[in-house]
Amino acid sequence: MIGPTKADLLEWLRESRPARLRELYELADSVRKERVGDAVHLRGLVEISSHCVRQCMYCGLRQANHDLTRYRMTREEILECARHAEVLGYGTIVMQAGEDDGLTADWIAEIVRWIKRETRLAVTLSLGERPEDELLLWKLAGADRYLLRFETSDRNLFRAIHPSRVGASPDRLTLLKRLKALGYEAGGGVMVGIPGQSFESLANDILAFRALDLDMIGIGPYIAHVATPLGSGALRPEIAASAQVPVSEEMVYKMIALARIVCPDANIPSTTALATLNRTDGRKRGLKVGANVVMPNLTPIEYRRMYEIYPDKACIDESAADCSECLRAQIRSLGRAVGSGPGGRGTAEMEAAIVPERSSQLVQIGI
Ligand code: SAM
Ligand code: SF4
């Protein structure tokens, strides 16, 4: 397939006519169905630590936010969550945290080894920008996947909102390439509506998804947090008002749909941040425009509020079992199936190449 050009992507990102958007969403949904099937994979999310040494200008976990009570889960608590993930029928556990030096490489490796020995779960890590020897150690311990959103492909904006660590690690795009080289399934992604983010940079983000050949693509709205420089307005990246991407559900749906069309066999979640913008059916709508993954929260309730990346997060008070039931009901109501097994990239029931009929549809709608 000849993919959409940057000009095509820009046109779609600026599109507002409902009939045209319906066409885009229907195409993305049919590409999803053909390439990754009807299964929606459940990834149990455990937010293992809210400590963070970084100062990302957008995130409530940034080190300088002293209003937050910090926690770090114990090994036993994490293992209990892994057991729970199996009981609830999930195929994957995602261990996510701030960039926390207290999570030592050996300690994480030991937990990964235990989970791989005692359960059938795939293990996804999302622990920030860690040194390559640690990433290798965790891969050898059995970790399967690593999530590291690059947030925006606009280098100037990224530098402004994501100060480097002292002694600077490589940038996130480079790290994603290293993760793939180490044998991880690599997940990148972006926030939509960051102050200073242009439509052009969103189009570049989609091209970067393709260039990096990402296995997983996380796309969610940017949600302002007043305890951060970006959310309080203390940092105002300059951009013309007409170029600024709005924070809206529609923008996120367009990005999910375009990501699905451009990267047809990637795993794409319908995110909690999207469900936070539209609690009634944000998650379901994400699944209808190209997404095929959801991430039910398994973090013990007493810690959830302390993992405040942004305010008013959806599903914060639901027990893990309620969260599982609610998501299963949403999946069933869409006529889709709950995925079984680890659900890695390329394990869909249907891996058909794009059929001729589909290619002609792509041409018809200018893609
Ligand atoms: N520390 C790890 C990292 O930075 O990759 C993992 C945890 S971090 C909280 C996970 C993701 O949360 C980030 O990659 C970012 O996209 C998202 N995030 C942070 N602040 C956000 C905000 N204000 N609105 C929406 N998403 C946000
Ligand atoms: Fe820390 Fe990740 Fe938040 Fe940045 S985005 S402050 S690294 S938790």
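Visitor: Which side chain has an N or O atom 3.0 Å from an oxygen atom of ligand 1?

Guide: Bear in mind that this is a predicted model. The side chain is that of arginine 172, with an N or O atom 3.0 Å from an oxygen atom of ligand 1. Taken alone, ligand 1 exposes 550 Å², and the protein buries 93% of that.

Visitor: Where do backbone N or O atoms lie 2.9 Å from a nitrogen atom of ligand 1?

Guide: One such backbone atom belongs to tyrosine 58, and another, also at 2.9 Å from a nitrogen atom of the ligand, belongs to alanine 97.

Visitor: How many residues surround ligand 1, and how do they divide into nonpolar, polar and charged?

Guide: The shell holds 18 residues, the closest being Tyr58, Ala97, Glu151, Ile223 and Ile309. By class, the shell residues comprise ten nonpolar, four polar and four charged.

Visitor: With which side chain does the side chain of asparagine 292 make a polar contact?

Guide: The partner is the side chain of asparagine 267, at 2.9 Å. Beyond four places in sequence, the residues that asparagine 292 touches include Arg32, His41, Arg260, Leu287 and Arg336.

Notes
Residues numbered from 1 in each chain as written. Chains lettered and ligands numbered in written order. Predicted model: local features only at pLDDT ≥ 70, side-chain atom pairs only at ≥ 80, totals over all residues. Heavy atoms only, no water. Contact = heavy atoms within 4.5 Å. Polar contact = N/O pair within 3.5 Å; in protein donor to acceptor, adjacent residues only side chain to side chain. Near = heavy atom within 4 Å. Areas by Shrake-Rupley, 256 points an atom, 1.4 Å probe, with all protein chains shown as cover. Nonpolar A, V, L, I, M, F, W, Y, C, P; charged D, E, K, R; others polar.
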